[in-house]
Amino acid sequence: MNFFASIGRTTLDLLREIGRFNIFAIESVSGIVRPPIFWPLILKQIMRIGFYSLPVVGLTAFFTGGVLALQIYIGAARYGAEQFVPVVVLVGILRELGPVIAGLMVAGRVAAAIAAELGTMRVTEQIDALTTLATDPIKYLVVPRWVAAVISLPILVFIADVIGVFGGYVASTQSLGFTGSIYLNNTMNALNNHDIASGLIKAAFFGFIIALMGCYYGFHSKGGAQGVGSATTSAVVTSSILILATNYILTNIFNFFSF
Amino acid sequence: MARVSSTAKVELRGVKKRFGRKVVLDGLDLTIEPGQSLVVIGGSGTGKSVMIKCVLGILRPEAGEIYVDGMEATRLRGRGRDAFLRKFGMLFQGAALFDSLFVWENVAFGLIQGRGMQRSKARDIAMEKLAKVGLSAEVGELCPAELSGGMQKRVGLARAIAADPEIIFFDEPTTGLDPIMADVINNLIVDTVRGTGTTTLSITHDLVSARKIADRIAMLYKGKIIWEGPTAEIDHSGNPYVDQFIHGRAEGPIKMEVKA
């Protein structure tokens, strides 16, 4: 094949993919203001995305908080700054690790599930069947999922924050010899609304990314079982990368506004 | 939306659709009169499903016009498109039942979600339509995964006729069924559709089925209709492509593209 032709074809494919994604994203977002809105489906998705992710998110948050305390102690002890462990654990969990860990865990759980479900629906023509029954598949399938994820993720992250800080407390009091009341006192004194809010705002963005990627890859999967498999993989990989990249950008924005 | 002075229920004019460099529909012309049952035959991969998806707006053709009741349909959006889609019912090749819903909810889906009917009323209609395709009310309470292929097809048929659409599309209604079940489905299609004034477009490569349900047969080859005529004339079409297809011969003008 001609070298230039292959460059041209790759470029066109890339542009086509970008265009397709943008149209999909715009239709998905605008679906929230175009009735009908399927409220019962949103509730059902909140259960599936939010509630059933609680065990996974809770456990990872606990261990992350614990290990964070242990590692910070090592660094802080070199400068005799052990008393800062509670503060650093708190800020680390609220601002970064709570949302990021919860986001990545939910990406693995939920983006995969959504991509597999919608991918199977695509391959078995169920999505086309929705259209023939005068129901917009974007409004019926995509909008409830992203709305549910945007609602669920901040709640999940809030719970992850509490459990993560508790993990740090357990590690500090059990392994590092901190006194429980002093640790808690330091934590409560350091607590501030900006730390909490910035983590929850991030969580809402991550929820949107997870649901949209799962839906997008599921919606456009093709070619039977293998296609659904690769859609699932792409959904998890892409949403994980986007979560980390978005996290970096949002942290920069928050820092810029001293939020 | 231009109106044309035509009595056709569905009319396709010069419809072209390609995927990448592969041309699937190459200026397809087809007319279906009201109340007519037209069957389009053709080999696998000749674009039969693509044709139906273009009419429904699931796929957007690059060129050509599609008229339904004299209204141009390819540029419809929003509410106009919803109203347009309510004219149609469709039976999919694999039935395409929603596996997260009960059988009766599948049948009632278009009534509840598409038309905003109350659940209890929609349920009654769903049960009535299930009875029409020979399924009991108990089946209505099952999940689609618990049904055999033939029963799934029947549920798919019940779903397609649930809202009494003006136009019904059948995508390979008998593919994958044993000959007896295929005949049951053919009979159901004839029974549920004939006499109701419904216009139907079926695509199939099953000639037994085509002869049974068609008023007229058209043959699709390389993205164009190469022959069309009343069902009785298919045996003396004088068209070598049609002859090869209906007799199932490997030798003839149609060459199977073995190399993809």
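A residue counts as buried when its relative accessible area is under 20%, as exposed when that area is over 50%, and as partly exposed in between, with a 1.4 Å probe and protein chains only. At 4% relative accessibility, Lys129(B) therefore falls in the buried class.

This is a predicted model, so local features need pLDDT of at least 70 and side-chain atom pairs count only at pLDDT 80 or more, while totals for chains, interfaces and linings use all residues. Residues are numbered from 1 along each chain as its sequence is written, chains are lettered from A and ligands numbered from 1 in the order in which they are written, and side-chain values use heavy atoms, with hydrogens and water left out.

Lys129(B) also has a charged partner. A salt bridge here is a side-chain nitrogen of Lys or Arg within 4 Å of a carboxyl oxygen of Asp or Glu. Lys129(B) makes one with Asp164(B), at 2.8 Å from N to O. This pair ties together distant parts of the chain: Lys129(B) sits in helix 4 (residues 119-132) of chain B, and Asp164(B) in the loop between helix 6 and strand 7 (167-171) of chain B, 35 residues apart. Helices (H or I, at least four residues) and strands (E, at least two) are DSSP runs, numbered from the N terminus. Lys129(B) is buried at 4%, whereas Asp164(B) is exposed, with a relative accessible area of 58%. Elsewhere, shared partners let salt bridges join Arg122(A), Glu125(A), Asp128(A) and Lys53(B) into one network.

Over all chains, the count comes to 22 salt bridges. One of them pairs Asp13(A) with Arg16(A), whose closest N and O atoms are 3.1 Å apart. Both residues belong to helix 1 (residues 3-30) of chain A and lie 3 residues apart, about one turn of the helix. Asp13(A) is partly exposed at 39% relative accessibility, and Arg16(A) is exposed at 52%. In chain B, Arg13(B) forms a salt bridge with Glu11(B), with 3.1 Å between the closest N and O atoms. Here Arg13(B) is partly exposed at 32%, but Glu11(B) is buried at 12%.

On a 1 Å grid over the protein atoms alone, a cavity is a set of points where a 1.4 Å probe fits but cannot get out, and lining residues have an atom within 4 Å of a point. Grid points are joined across faces, edges and corners, and a volume is the space filled by probe spheres set on the points. There are 4 cavities of 30 Å³ or more.

Residues lining it include Cys54(B), Leu59(B), Arg60(B) and Arg81(B).

Last, a bit of sheet. Two strands pair if DSSP finds at least two bridges between them. In chain B, strand 9 (residues 216-221) and strand 10 (residues 224-230) run antiparallel and are joined by 6 bridges. Leu220(B), for one, has Ile225(B) in strand 10 as its bridge partner. The two strands form a hairpin with 2 residues between them, and Lys222(B) in the turn has a positive phi of about 50°.

Methods: On a 1 Å grid over the protein atoms alone, a cavity is a set of points where a 1.4 Å probe fits but cannot get out, and a pocket is an open set with protein on both sides within 12 Å along at least five of seven lines; lining residues have an atom within 4 Å of a point.
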